[in-house]
Amino acid sequence: MAKVAAELQYSDEHEWVSREDGNVVSIGISAVATDALGDIVYVDLPEVGSSVTAGETCGEVESTKSVSDLYAPVTGEVTEINPAVIEDPALINSDPYGAGWLFKVAAESEGPLLSAEDYAAKNGGEL
């Protein structure tokens with residue numbers, strides 16, 4: 001079973017949200033999603049300074065199996081992207097909750113988010 005990090009919140013589309021300083025949140029994709037995708041070979045992230053809207057697509061993740069849309073779990077302005085995952089997308093597979101984070105947003109509002117317990121129960125993950 002895929003690991004679900006207990007301290008995070010999750011979207012129905014498998015993105016996780018971690019609260020940083022103030023209203024800034026880090027966003028990535030869950031181990032449940034990385035297991036389903038297989039080896040990730042390319043990631044397209046929103047640009048710094050662009051706006052994202054909760055529930056709407058903001059990029060994509062390409063794996064050896066498929067191409068999947070990346071959905072914004074919050075609404076706000078992108079403040080930072082993780083250049084390490086652009087250079088080495090496999091980081092998303094090897095450390096989805098750490099070095100494999102995708103981007104940060106100064107959040108104005110958030111979409112519907114699940115607790116780690118609810119996400120794990122719904123998607124067959126383990127805490």
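Which residue of β8 does Ser-51 stand opposite? The legends below get to that, starting with the ground rules.

This is a predicted model, in which local features need pLDDT of at least 70 and side-chain atom pairs count only at pLDDT 80 or more, while totals for chains, interfaces and linings use all residues. Residues are numbered from 1 along each chain as its sequence is written, and side-chain values use heavy atoms, with hydrogens and water left out.

**View 1. The open sheet and its β5 edge.** Here 6 strands line up in the order β1-β2-β3-β9-β8-β5, with antiparallel pairing, to form an open sheet. The edges belong to β1 and β5, each with a single partner strand, so one side of each has no neighbour in the sheet. Strands are DSSP runs of E at least two residues long, helices are runs of H or I at least four long, and both are numbered from the N terminus; two strands pair if DSSP finds at least two bridges between them. Strand β5 (residues 51-52) is joined to strand β8 (residues 74-81) by 2 bridges in the antiparallel sense. As for the opening question, Ser-51 sits opposite Glu-77 in β8. On to the next pair: β8 and strand β9 (residues 103-110) run antiparallel and share 7 bridges, with Val-74 standing opposite Glu-110 in β9.

View 2. Strand β1 (residues 9-10) runs antiparallel to β2 and is joined to it by 2 bridges; Tyr-10 has Trp-16 in β2 as its bridge partner. These two strands make a hairpin with 4 residues between them. His-14 lies in that loop between β1 and β2, and it has a positive phi of about 80° although it is not a glycine. With 23% relative accessibility, His-14 counts as partly exposed (buried is under 20% relative accessible area, exposed is over 50%, and partly exposed is in between, using a 1.4 Å probe and protein chains only). The following hairpin, of β2 and β3, also has 4 residues between its strands, and there Gly-22 takes a positive phi near 60°. Between β2 and β3 there are 5 bridges in the antiparallel sense; Glu-15 faces Ile-29 in β3, and Ser-18 stands opposite Ser-26 in β3. In strand β2 (residues 15-19), 4 of the 5 residues are buried, so the strand is largely enclosed by the rest of the structure.

View 3. Ile-27 is part of strand β3. Is this residue buried or exposed? Ile-27 is buried, at a relative accessible area of 0%. Its contacts (heavy atoms within 4.5 Å), leaving aside neighbours within four places in sequence, include Glu-15, Trp-16, Pro-73, Trp-101 and Val-105. Ala-72 is 45 residues away from Ile-27 in sequence, but the two C-alpha atoms are 8.3 Å apart in space.

**View 4. The nonpolar cores.** A nonpolar core is a set of buried Ala, Val, Leu, Ile, Met, Phe, Trp, Tyr and Cys residues joined through side-chain atoms within 4.5 Å. The largest one has 24 residues, and Ile-29, Leu-70, Leu-102, Phe-103 and Val-105 have the most contacts inside it. Elements that each supply at least two residues of this core include β3 (24-29), β4 (40-44), β6 (57-63) and α3 (90-94). Another core lies apart from it, with 13 residues, among them Ala-5, Tyr-10, Trp-16 and Ala-120.

**View 5. The largest pocket.** About 160 Å³ of space lies in this pocket. A pocket here is an open set of points on a 1 Å grid over the protein atoms alone where a 1.4 Å probe fits, with protein on both sides within 12 Å along at least five of seven lines; lining residues have an atom within 4 Å of a point. The volume is the space filled by probe spheres set on the points, which are joined across faces, edges and corners. Among the lining residues are Glu-13, His-14, Ile-29, Val-61 and Tyr-71.

**View 6. Leu-113 in its loop.** Leu-113 lies in the loop between β9 and α4 (116-123). Not counting residues up to four places away in sequence, Leu-113 touches Gln-9, Tyr-10, Ser-11, Val-17, Arg-19 and Pro-73. Its C-alpha atom is separated by 9.9 Å from that of Glu-13, 100 residues apart along the chain.
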